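Subject: Structure handover

Hello,

Here is the structure for you to look through. My notes follow below it.

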Amino acid sequence: MHKHLLGFLLITPWLANAQTTTYFTVKGTLGKHDAPAKVYLLRDNAVADSATLKNGTFELKGTTVAPIMADLIFRPKGRLGSLSDPMKDRAHLFLEPGTLSIVSPDSLAHATIKGGPVNTDYARLNESTKPILAHIQALGADVQKATVQQRQDPAFNEQVKRQFDGLTTQYVTANYAFIKANPTSWVSLHALLDMQMRDLPQYTVVGPLYEALSPTLKNSPQGRTYGELVRGLKAVAIGAQAPDFSQQTPEGKTVSLRDYRGKYVLVDFWASWCGPCREENPTVVKAYSRYKGHNFEVVGVSLDSEKDRAKWVQAIQDDKLPWTQVSDLKGFENAAARSYYVSGIPQNYLIDPTGKIVAANLKGNELEATLAKYIK
């Protein structure tokens, strides 16, 4: 009974914090705009509130139980239109207790945002990644200026890809550095979630970052969800036993991972609609051609859906993929992908003859270098 009481006392502070509703106010000045100009507040990609500008000023109020990322969208003519339009004048911010101030001579794109500790942290993170994002935008502009002949040149495309990948790595590294240095900040939890879209999470990287977060962050709904991902990634980390799975080839033959016990096998998650996967396929073909006679096989697992069965089969033929291909045609709900906690593709796992995972997320030259390390 004492143990239960102690546990209750330990979680009570979090329960109290989780159930506390806090109030926020967003006050802004955008030049001298008047009606019908409006500012919209978006939470979870849905309109939560809006305000019509009067002599450039607006005010929004609301409640939240924890700091949460939100968007402001400014529409000079009032009508919001499509939420998916990337060209909209918008600003990202955190809704947190207290007053948030937004000041600009004309638009949200040029606004100065000042708020409480969470938004201050968010500004620090943005400042650290600003030069990297500027380089990414400059690279994009260079590609737009390229001639048709340049864009059709494999060497040009490879150079652009290499530069973009390098900048993306810098951006991800900067975010991870911020998370490590700020384990109690809500911005760190947001950044950890955001990196899922930019970097395939590996347990050796995100596991320690998550475990170092404060109890308040880990016990939040988003924190608990991410914790489940971390526990899943641990189950398929380097050194873990690879989860078995059975799925069917396009011809209807059932193939199981255990059929390959005694060999090195690369489990390659991909899809016909995935551009980066198709770009990586020649690399895998090259590696397969070199090592297929040396106790090495590849099993492709497609995240195509039933409606794209024909595209899956055509992609296998077009990319000349000679190894076994399987799928349950359930898209990202693919049972094998879920057991490996695949959150993005292309993704792969190298499994040794005993069924143990020895490497993951191998791309480009790293794939062949790793195979050379294990396969003599």
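Start with two helices. Helix α5 (residues 186–194) packs against helix α8 (residues 221–235) at an angle of about 40°, and their axes lie 11 Å apart. Axes are lines fitted to C-alpha atoms, for helices over the stretch in contact, and angles run from 0 to 180 degrees between N-to-C directions. Helices (H or I, at least four residues) and strands (E, at least two) are DSSP runs, numbered from the N terminus.

α5 and α8 are therefore oblique to each other. Angles under 35 degrees count as roughly parallel, over 145 as roughly antiparallel, 65 to 115 as roughly perpendicular and the rest as oblique. On the α5 side, L189, L192 and L193 make the contact; on the α8 side, Q222, G223 and Y226 do. Contact means heavy atoms within 4.5 Å. By class, these contact residues are four nonpolar, two polar and no charged. Here Ala, Val, Leu, Ile, Met, Phe, Trp, Tyr, Cys and Pro count as nonpolar, Asp, Glu, Lys and Arg as charged, and the others, Gly among them, as polar.

This is a predicted model: local features need pLDDT of at least 70, side-chain atom pairs count only at pLDDT 80 or more, and totals for chains, interfaces and linings use all residues. Residues are numbered from 1 along each chain as its sequence is written, and side-chain values use heavy atoms, with hydrogens and water left out.

(On a 1 Å grid over the protein atoms alone, a pocket is an open set of points with protein on both sides within 12 Å along at least five of seven lines; a cavity is a set where a 1.4 Å probe fits but cannot get out; lining residues have an atom within 4 Å of a point. Points are joined across faces, edges and corners, and a volume is the space filled by probe spheres set on them.)

Which helix gives the most to this pocket's lining? It is α4, with 13 residues. The lining has 20 nonpolar, 13 polar and 12 charged residues.

There is one cavity of 30 Å³ or more. The largest cavity has a volume of about 40 Å³. Its lining includes D268, W270 and K363. α9 gives the most to that lining, with four residues. The lining divides into five nonpolar, two polar and three charged residues.

Best wishes
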